[in-house]
Structures are given as C-alpha cells and as structure tokens.
Amino acid sequence: MPEHLKLTTDFRRDRLRLVEQLREEGVQDLAVLHAFALVPRHLFVPDAMHHRAYKNTPIPIGDGQTISSPEIHAISLELAEIHQGDRVLEVGTGSGFQTALLAALGADVYSIERLTSLSNRARDTLLTLGYQVHLEIGDGSLGLPSHAPYSAIIVGAAAKKPPAALFEQLVEGGRLIVPVGTSNQTLYRYTQRGAEHIRERIGGARFVPLIEEST
Ligand code: SAM
C-alpha cells in the first residue's frame with residue numbers, strides 16, 4: 001500500500017467516532033461528515049499531539065496558532081454550502097486541515113496564510129497526502145483578487161469587522177463565513193445578493209485574531 005494511503009488508515013476508528021460525535025452535535029451535511037471520515041487530522045498536528053487529534057478541541061500547531069476544533073470546521077463548511085467544483089477561498093491556512101476538507105468536498109481551493117512557516121508545513125502535509133490545492137502567502141484580509149470571484153470564502157481568524165475586500169470577491173449568491181469581534185466574538189454568514197450582503201448571526205465564537213497588516 002502506498003505510504004500516504006497507509007497513513008490515512010491510522011486512527012481510523014477514532015476518526016469515525018469523531019464523525020459520529022459531530023453528527024450527534026447537529027452536523028447534518030453528509031458530504032461534510034464524509035470529508036471528516038477521509039481526512040487524517042492527526043497528520044496536521046504535531047506528533048506529540050496525535051493522541052488528541054480526534055477530540056473535539058483546538059490544538060496548538062506552533063507559531064502561536066491553533067488548528068480550530070473539528071466542530072467549528074464542520075459548522076463553517078456546512079454554512080459555506082460547498083459543491084463539487086466550487087472555487088473557494090480560505091483565509092488562514094494554518095495546519096492545512098480545513099484546506100484538505102475543502103479539497104475532499106471537491107472544491108477548487110485557494111488558501112492564503114500570512115505565516116510562511118505554517119504555509120510551508122501545510123504544503124508538505126497536503127502534498128504528501130495527494131491533495132491538489134493552491135496555497136498563497138500574504139494578507140488574506142485583502143482576499144485573493146487574482147483568482148476571484150469565489151463561491152465561498154471561509155475566514156479562520158476573527159476580524160474586527162468583516163473585511164470589505166472579501167465581499168467584492170464573492171459571486172452572486174456567494175457565502176462569506178467570518179468570525180467578528182475581539183474578546184466577544186460572533187460567527188456570521190453573509191450571502192451576496194445584488195448590491196447587498198444578507199447577514200445571519202450563527203453564534204458565539206473563539207478564534208485567534210485576523211492580523212490585518214494593511215490597516
Ligand atoms: N483552519 C485552520 C486549520 O485547519 O488549521 C486553522 C486556522 S488558525 C485558527 C488561523 C490562521 O489564520 C493562523 O494560521 C493565522 O496565522 C492565520 N492568519 C491570521 N491573520 C491572517 C491574515 N491576515 N491573512 C492570512 N492568514 C492569517
């Protein structure tokens with residue numbers, strides 16, 4: 001068996017238990033649950049954290065950053081309503097785990113990370129596992145206009161206010177999933193409708209801050 005396929009069979013039972021837990025917590029989208037059954041989360045966290053990889057918690061990934069909890073990834077992906085072939089922008093590649101989930105959902109994934117070290121590590125993991133995605137280094141609060149428009153944009157860090165540039169990079173009907181706030185954060189979904197963005201408040205959130213170098 002090729003090495004990358006063998007890696008994905010490790011922790012299989014823990015992974016399926018996590019999928020069941022996500023389902024019990026209310027995640028209904030079968031494609032999202034299936035993606036969680038496929039992507040080996042333990043390979044996106046440091047070796048010393050493998051034993052915690054299938055718990056529903058965030059985990060430190062170095063450089064002062066964390067991989068978000070599986071539940072928050074599942075909620076964000078459900079809200080983004082990803083379909084096969086959709087062009088999707090992820091702001092904050094981090095470990096690359098959500099990037100892999102997006103690829104498993106069949107999206108054409110663009111992911112931008114401001115920290116070179118994290119982006120490089122994510123690239124190695126994603127390449128080893130055979131995921132074909134586009135990784136960029138830079139300030140994702142500006143989006144990635146060169147490849148816009150996107151069907152969905154998922155921001156993995158909390159903005160002080162939703163970055164205006166991201167709205168401009170959505171298709172009509174496109175979804176922007178973004179946590180907003182500093183100490184008190186709220187997760188929102190905005191849907192692009194003509195010149196308006198329809199806002200839905202999803203609930204409380206706890207993310208690392210989005211670093212906006214451009215402001
Ligand atoms: N979803 C990621 C995963 O699966 O590992 C976790 C994302 S982590 C909670 C947030 C990431 O956003 C960090 O890696 C951080 O460096 C990155 N970040 C913060 N501000 C950013 C910005 N302006 N542009 C791009 N990435 C940014």
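Me: How buried is Q169, by relative accessibility?
Reply: In this predicted model, Q169 has 5% relative accessibility and therefore counts as buried, the cut-off for that word being under 20%.

Me: Where is Q169 placed?
Reply: Q169 belongs to the loop between α7, which covers 164–167, and β7, which covers 170–180.

Me: And what is Q169 in contact with, leaving aside its neighbours within four places in sequence?
Reply: With those neighbours left aside, Q169 is in contact with L89, L142, G143, L144, P145, A148, P149, Y150 and I153. The side chain of Q169 also reaches the backbone oxygen of A165, at 3.3 Å.

Me: New topic: which residues of helix α3 are buried?
Reply: Helix α3 runs over residues 30–38, and its buried residues are V32, L33, A35 and F36. Seen down the axis of α3, these buried residues fall within an arc of 155°, so they line one face of the helix.

Me: Why would residues three or four places apart point the same way?
Reply: An α-helix has 3.6 residues a turn, so residues at that spacing point the same way.

Me: What covers the buried residues of α3?
Reply: The cover includes α2 (12–24), α4 (70–80) and α5 (97–104).

Me: What happens at the start of α3?
Reply: There, a side-chain oxygen of D29 comes to within 2.9 Å of the backbone nitrogen of A31.

Me: Which residues does L22 touch, not counting those up to four places away in sequence?
Reply: L22, which is found in helix α2, touches V27, L33, F36, P70, E71 and A74 once those sequence neighbours are set aside. L22 is buried, with a relative accessible area of 1%.

Me: Is α5 mostly covered or mostly uncovered?
Reply: Helix α5 is mostly covered, since seven of its eight residues are buried, where buried means under 20% relative accessible area. The buried residues in α5 are F97, Q98, T99, A100, L101, L102 and A103. Just after α5 comes G106, which takes a positive phi of about 90°.

Me: How far apart are L22 and G106?
Reply: Along the sequence L22 and G106 are 84 residues apart, and in space they are 20 Å apart, C-alpha to C-alpha.

Me: How many aromatic pairs are there?
Reply: The structure holds six aromatic pairs. In the pair formed by Y188 and Y190, the ring centres are 6.0 Å apart and the planes are at 50°, so the pair is tilted. Both Y188 and Y190 are buried.

Me: Which residues do ring pairs link into a cluster?
Reply: Ring pairs join F36, F44 and F97 into a cluster. The ring of F97 also has the charged end of R41 sitting over it, 5.8 Å from the ring centre.

Me: Now the ligand: how many residues surround it, and which are the closest?
Reply: There are 26 residues surrounding the ligand, and the closest are H73, S95, E113, G140 and I211.

Me: Which polar atoms lie by a nitrogen atom of the ligand?
Reply: A polar side-chain atom of D139 is 2.9 Å from a nitrogen atom of the ligand. From the backbone, a polar atom of G140 is 2.7 Å from a ligand nitrogen, and a polar backbone atom of I211 is 2.5 Å from a nitrogen atom of the ligand.

Me: What about I137, where is its place and what does it touch?
Reply: I137 is in strand β5, residues 134–137, and it is partly exposed, with a relative accessible area of 43%. Not counting residues up to four places away in sequence, I137 touches I112, E113, R114, T116, S119 and N120.

Me: Last one: what is phi like in F11 and in D63?
Reply: F11 has a positive phi of about 60° although it is not a glycine, and its place is in the loop between α1 (3–9) and α2. Phi of D63 is near 55°, again a positive value in a residue other than glycine, and D63 is found in the loop between β1 (59–62) and β2 (65–67). F11 is partly exposed, with a relative accessible area of 30%, while D63 counts as partly exposed at 41% relative accessibility.

Technical notes:
Residues are numbered from 1 along each chain as its sequence is written. This is a predicted model: local features need pLDDT of at least 70, side-chain atom pairs count only at pLDDT 80 or more; totals for chains, interfaces and linings use all residues. Side-chain values use heavy atoms; hydrogens and water are left out. Rings of Phe, Tyr and Trp (its six-membered ring) pair if their centres lie within 6.5 Å; planes under 30 degrees apart count as stacked, over 60 as edge-to-face and the rest as tilted. Buried means under 20% relative accessible area, exposed over 50%, partly exposed in between (1.4 Å probe, protein chains only). A charge sits over a ring if NZ of Lys or CZ of Arg is within 6 Å of the ring centre and within 35 degrees of the ring normal. Helices (H or I, at least four residues) and strands (E, at least two) are DSSP runs, numbered from the N terminus. The arc is that of the directions from the helix axis to the C-beta atoms. Contact means heavy atoms within 4.5 Å. A polar contact is a pair of N or O atoms within 3.5 Å; within protein, one must be able to donate a hydrogen and the other to accept it, and residues adjacent in sequence count only if both atoms are side-chain atoms. A residue is near a molecule or strand if one of its heavy atoms lies within 4 Å of it.
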